[in-house]
Amino acid sequence: MNKTDRLLAIVLELERKEIVRAEDLATLFETSVRTIYRDIQALSEAGVPIIGAPGSGYSLMEGYFLPPISFNVQEAVSLLIGTDFIEQQFDDDYRVRAQAARGKIEAILSESVRNEASRTRKSMRLLISDKQVKPSKEKKYLEKIRRAILNERKIGFHYAKRLADFEGNRHSVRTVAPYGLVLIQGSWMLVARCDLRQDIRHFRLSRMTKLIDLEERFELPAYFNLRDYTPPDDRHLQVRLQFNPDISDRVKESNYHYIEDMEEHQDGLYVVLRVRQLEELLQWVLGWGAGVIVLEPESFRNRIREEAEKMLKRY
């Protein structure tokens, strides 16, 4: 990175954060602290109002903003495709904001960059399948939950689990403190602390009904960071399957989230999966018909056999 690019990057970093240490800037830009000192001095002499606090770091004078900067073609395409994604996957409020942002980005591009970015975007397409199109209810819930997260207010809803619990119940009423939203394989998932379970749980928006805002407030724990959060892995049951060679490509392209390992052999594709309950795999395995064999565990082989016998009786 040359000096001009580094000076601009330092100002952008100062705009993003309230205060930044010279040591952190040196690490970020892979240079010496002495060089950062000289860069700060150069910026100050150029009229950038940088405030230095001994022992803590540097900050920009409140109210200072960097004048509009230019984007190259790759940066412009990245931003514009990002607005396309938000328009398709987020709620109506963000859809409108994405359209407005796209107009502003295009307005500040030079004609040559705008034309080149347009040509590049036309050569790529962000396509989602019909099953990933968000129902209007889910989009409304997305906006409602997003606002509850920002306002730190609890929400309540009825929830239908995919599989019944040990008592045979699938439906429950939940009150939760919403911590964050995660988009997983085209489906929105809420990460929240559940009052019923007294722990962090995950809820698919598509399985919620009767969502309501509550007056009760919550405080996000200092230790919780959605970007760093990794749910505990409680998938302890391993299943091994063998798929016929003629459908192995389709299996690999399915990107099934329970798949842990795959090995291709002359007699077919061997797949290892890990799940919490064997029932989670039942419909997926049956969907491959005679093209798959359950190798283990024996209990799941028997379960598939029983289901196949029930199907045979229907025909």
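**Close-up views of a predicted model**

**View 1. A192 stands opposite R201 in β6.** The structure shown in this and the following views is a predicted model. Strand β5 (residues 187-194) and strand β6 run antiparallel and are joined by six bridges. Both belong to an open sheet of five strands, in the order β6-β5-β4-β3-β7 and with antiparallel pairing. The edges are taken by β6 (199-204) and β7 (208-217); each has a single partner strand, so one side of each lacks a neighbour in the sheet. From one strand to the next, the twist averages 45°.

View 2. Seven bridges join β8 (residues 237-243) to β10 (residues 268-275). V239 is found opposite L273 in β10.

**View 3. The largest nonpolar core has 20 residues.** The members that touch the most others are L241, F243, L281, W284 and V285. At least two residues of this core come from each of β8, β10, α9 (279-286), β11 and α10. Apart from neighbours within four places in sequence, the contacts of F243 include V251, L269, V271, W284, W288 and V292. Among the other contacts of F243 are D267, G268 and G291.

**View 4. D91, D93, R97, E143, R146 and R147 are linked in a network of salt bridges.** In one of these pairs, the side chains of R146 and D91 meet at 3.0 Å, N to O. R146 lies in helix α7 (residues 136-151) and D91 in the loop between α4 (73-89) and α5 (92-108), so the pair ties together parts 55 residues apart in sequence. R146 is buried, with a relative accessible area of 14%, and D91 is buried at 0%. A salt bridge also joins D93 and R147 (3.1 Å, N to O). D93 is in helix α5 and R147 in helix α7, so this pair ties together parts 54 residues apart in sequence. D93 is buried at 18% relative accessibility, whereas R147 is partly exposed at 39%.

**View 5. R274 forms a salt bridge with D233.** Their closest N and O atoms are 2.8 Å apart. R274 lies in strand β10 and D233 in the loop between β7 and β8, so the pair ties together parts 41 residues apart in sequence. D233 is partly exposed, at 43% relative accessibility.

Notes: Residues are numbered from 1 along each chain as its sequence is written. This is a predicted model: local features need pLDDT of at least 70, side-chain atom pairs count only at pLDDT 80 or more; totals for chains, interfaces and linings use all residues. Side-chain values use heavy atoms; hydrogens and water are left out. Two strands pair if DSSP finds at least two bridges between them. Helices (H or I, at least four residues) and strands (E, at least two) are DSSP runs, numbered from the N terminus. Axes are lines fitted to C-alpha atoms, for helices over the stretch in contact, and angles run from 0 to 180 degrees between N-to-C directions. A nonpolar core is a set of buried Ala, Val, Leu, Ile, Met, Phe, Trp, Tyr and Cys residues joined through side-chain atoms within 4.5 Å. Buried means under 20% relative accessible area, exposed over 50%, partly exposed in between (1.4 Å probe, protein chains only). Contact means heavy atoms within 4.5 Å. A salt bridge is a side-chain nitrogen of Lys or Arg within 4 Å of a carboxyl oxygen of Asp or Glu.
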